[in-house]
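Q: Could you walk me through one part of this structure, strand by strand, and then say something about the core?

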Amino acid sequence: GFYPAWEHGQQTWSAPAERMVLFIENFHIEPALRRRLARKNFRVTFDQDFAAVVHACAGAGAGRMDEALIASFVAAFDAGLAHSVEIWDRSGVLAGGIFGLAIGKVFFTEGDVTRARDASKVGFVALNCHLQRWGYLMNDGKHLRGRLCQLGFLPVQRTTFDALLAMACTRTGQEGRWTADQTLNLAA
């Protein structure tokens, strides 16, 4: 339940009293986002350019990830524990990305970046639709952010979160490199 955090200029480990968690069955797509998805302005892939996504997230986070932490996430990717969601615009440019760790039936979102309007929201939709299809129980969003609430994330007390992790992390999740199902209708 701990995750890396940046406090007072130093990398630390954090386990706050409350976490933002999406129980996959509660995932919500706003009507405006559904319309955006139906226009298919973006293409979503998984695990195609993990390093680019992590570096983009590090750059957007104003120094919240140092090179050692980035190297740790890349090592986790090489070991099959970390995954990336790449959101590409129509010209093939990386418009946004999400990365995190998958342990058991839990996805731990570690970072996201958007370079185009709604790109990371499109990525979250694709990620959570796939997690639901693969039988994942929850997505840990860590911090309270308004857009997470819009997608169905809820605050969960630390004791409840720890109990959920104890159960969900012992199950087998999606193994190996992930592939986005391009036939999946995300707007539906």
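Predicted model: local features only at pLDDT ≥ 70, side-chain atom pairs only at ≥ 80, totals over all residues.

Q: Is strand β7 mostly covered or open, then?

A: Strand β7, residues 106–114, is mostly covered, with seven of its nine residues buried; buried means under 20% relative accessible area with a 1.4 Å probe, protein chains only, and strands are DSSP runs of E with at least two residues, helices runs of H or I with at least four, numbered from the N terminus.

Q: How does β6 pair with β7?

A: Strand β6 (residues 94–103) pairs with β7 in the antiparallel sense over eight bridges, where pairing requires that DSSP finds at least two bridges between the strands. Phenylalanine 99 has glycine 111 in β7 as its bridge partner.

Q: And which strand is parallel to β7?

A: That is β8, residues 138–142, joined to β7 by three bridges, with methionine 138 in β8 as the bridge partner of valine 106.

Q: OK, core now: which residues have the most contacts inside the largest one?

A: Leu37, Val125, Leu131 and Trp178 do, in a nonpolar core of 32 residues, meaning a set of buried Ala, Val, Leu, Ile, Met, Phe, Trp, Tyr and Cys residues joined through side-chain atoms within 4.5 Å. The largest share of this core, eight residues, comes from α4.

Methods. Residues numbered from 1 in each chain as written. Heavy atoms only, no water. Buried < 20%, exposed > 50% of the residue type's maximum accessible area, 1.4 Å probe, protein only.
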